[in-house]
Amino acid sequence: MHNIMEHIRGNIASCIRQAMHALAASGELPADVVDVLDGAAVPLEVPKDPKRGEFASPIALVAAKRARKPPREVASLIVRELMASGERKYVESAEIAGPGFINFRLSQQWAADTVALIRSKGPDYGRCDFGCGERVMVEFVSANPVGPLNVVNARAAAVGDTLVRLLDAAGYDAASEFYVNDAGRQVEVLAESVYARYMELRGEDYAFPEDGYRGEYVRDIAAQAMQDGSAAARLSAANADEARAFFREYALRHILDWQKRSLAKYEVRFDRWFSERELRETGAVEAMIGEMEAAGHTYKEDGALWFRSSDFGDDKDRVLIKSDGLYTYVAPDLAYHRDKLSRGFTKLIDILGPDHHGYEGRMQAGLKSFGYPDGALQVLLLQLVTLMRDGQPVKMSKRAGEFISMDDLLEEVPKDAARYFFIMRNTSSHLDFDLDLARAQSMDNPVWYIQYAHARCCSIFRQAEVAGISPDMWDCADLALLSEPSDIDLVRKMAGLPDEVLSAALERAPSRIAKYGMDLASVFHSFYNECRVISDDAALTAARLALVDAAKTVIANALQIMGIAAPERM
RNA sequence: GCGCCUAUAGCUCAGUGGAUAGAGCACCGGCCUCCGGAGCCGGGUGCGCAGGUUCAAUUCCUGCUAGGCGCGCCA
């Protein structure tokens, strides 16, 4: 058993089902009342207010109409049957409340077993095999290799990496990829920009391209090439075309390495950096277009080759090959997505910035035309990020060169804080990133608050060691002694991790784990204030140390999923 | 004009087809002879507007209003 809550949920549901069948059989309820159970799970929820118990069911409200009795009366019959059932496990009491809810309270044995389970699972607690090893590919960041990573890239990196960790925890075989657009126009513009700066540094008159990249880093790259002996030698012998070609490769490698370093600092890992250029070299794009033409999904117009994407749900048709003979970005991108699916990934997730939402329709249309099922590709659109300093939005303008890159951000706030802040909101919501708060080493900072809960657990163990209490003493503790409301509140919150991980993974919602971590830390701090762990009562001390050990595990596991360190001291 | 996203407490945001809609910040008041006070406890007139589906809508659907973003043979 890896999830006690799931086990109990199943047990209660089956008890309710049996109770209703028994009532229908005995004639106390109309025979057709059991129809409400058909094809649907017995409704069971975790009440918001812990005073209502661990589980609640509105089944009596749902069944009242068929039962032709008031909900509370139906509830009372179900409770009578259920409490008489020998199948019932852990349920200590079932009460009728409000309009007809049945609230289930679990026995202390449940708390004891939960603590024991968490301690035996250790780092695996919270994980499950729901995904059955299905292969899921998450593609994120995929910034053009023409400049530094920006703040939305940083959000995408934190969200994507956490999502991969979540999917992994939920039993999927999850992989991450960064698609490198190292072919195409943007790269040429970069090459021309660096070349222009190079000429400028040499004091030659050369016009900077209209749509060129004006960042200071472009000049830096040119300057570095001039100082690099072998590069300088090659440049001095080159004509303009050769120099541009040289700078294309030089700048590309330089910027790609730079982006890789930024992400490494951020502890965001990619299983693969997939090169568009290599994809083109395999002939995959040509082959794909050939098949599309053969299938009749294309037509020629105004000298360009169009994909009939509107036949597959897109707003309008899209150009694959421009009238100048070059591919648009759509063609290689489609080939890339087809490549991912051909490698055995059955689910693709793309995390995109808000300026790319139009992209989804054409990709979905493409995959549909290839015959892949609906739902093979899921696009997660991130909304914008506003950096806040002193309560004011930080103005960013590319033109004026006022621009905060991901590197700048990570110099200002710790990596753990940045990751947390970027995932703490729903991906579909605009994000206000409070730089002052993220940097603060104080109770107001949610990251510190959670990490402090972990450090506090460790501190208690250090204290226990000083008092001469060894781990084997709490390994065999009598967990039945954990009976204070604060003990149970903590256990209840810890028991929720597996459900939380699974729903966060299925909803593609890293923010849920951020919220959970915060709530867990809060319950832990309350417990700590309410219940003394190390006391004169040796048996209770042992039980509480086991509880703290479990708490430490759960906090660490939640932080691990977010890619945030779990410090022993701060 | 079309498309996507958003609208919940003074502020930043959670949340769910169900019970009395939550958290943090800010503000006010308490709690250390004690495991880290980097903490805890208490204090709340809020789901943009109008319809619809439902036993039940803040949640789902439609329309409206307001804000953000996008709408290239750029990526």
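A: Helices (H or I, at least four residues) and strands (E, at least two) are DSSP runs, numbered from the N terminus. The model is predicted, and local features need pLDDT of at least 70, side-chain atom pairs count only at pLDDT 80 or more, and totals for chains, interfaces and linings use all residues. Residues are numbered from 1 along each chain as its sequence is written, chains are lettered from A and ligands numbered from 1 in the order in which they are written, and side-chain values use heavy atoms, leaving out hydrogens and water.

Q: In what order do the five strands of the open sheet lie?

A: Strands of a sheet pair through backbone hydrogen bonds, either parallel or antiparallel. Here the order is E6-E5-E4-E10-E11, with parallel pairing (two strands pair if DSSP finds at least two bridges between them). Strand E6 (272–275) and strand E11 (377–381) each have a single partner strand, so one side of each edge strand has no neighbour in the sheet. On average, neighbouring strands are turned by 25° against each other, direction ignored (axes are lines fitted to C-alpha atoms, for helices over the stretch in contact, and angles run from 0 to 180 degrees between N-to-C directions). Strand E10 (residues 347–352) is joined to E11 by five bridges, and Ile351 has Leu380 of E11 as its bridge partner.

Q: Which strands does helix H5 lie across?

A: Helix H5 (residues 151–169) lies across strand E4 (135–139), strand E5 (173–180), E10 and E11, at about 155° to E10; contact means heavy atoms within 4.5 Å. Helix H13 (residues 359–369) lies across E10 and E11, at about 175° to E11.

Q: Which residues come nearest to RNA strand B?

A: A residue is near a strand if one of its heavy atoms lies within 4 Å of it. Of the 60 residues around RNA strand B, the nearest are Met443, Tyr452, Arg456, Ser459 and Arg532. Among the RNA atoms within 4 Å of the protein, 64% belong to sugar or phosphate and the rest to bases.

Q: How far is a polar side-chain atom of Lys48 from a phosphate oxygen of RNA strand B?

A: A polar contact is a pair of N or O atoms within 3.5 Å; within protein, one must be able to donate a hydrogen and the other to accept it, and residues adjacent in sequence count only if both atoms are side-chain atoms. For Lys48, the distance is 3.0 Å. A polar side-chain atom of Arg425 lies 2.8 Å from a sugar or linking oxygen of the RNA. Helix H17 (446–466) is one of the elements that give two or more residues to this surface, and H17 gives the most, with eight residues.
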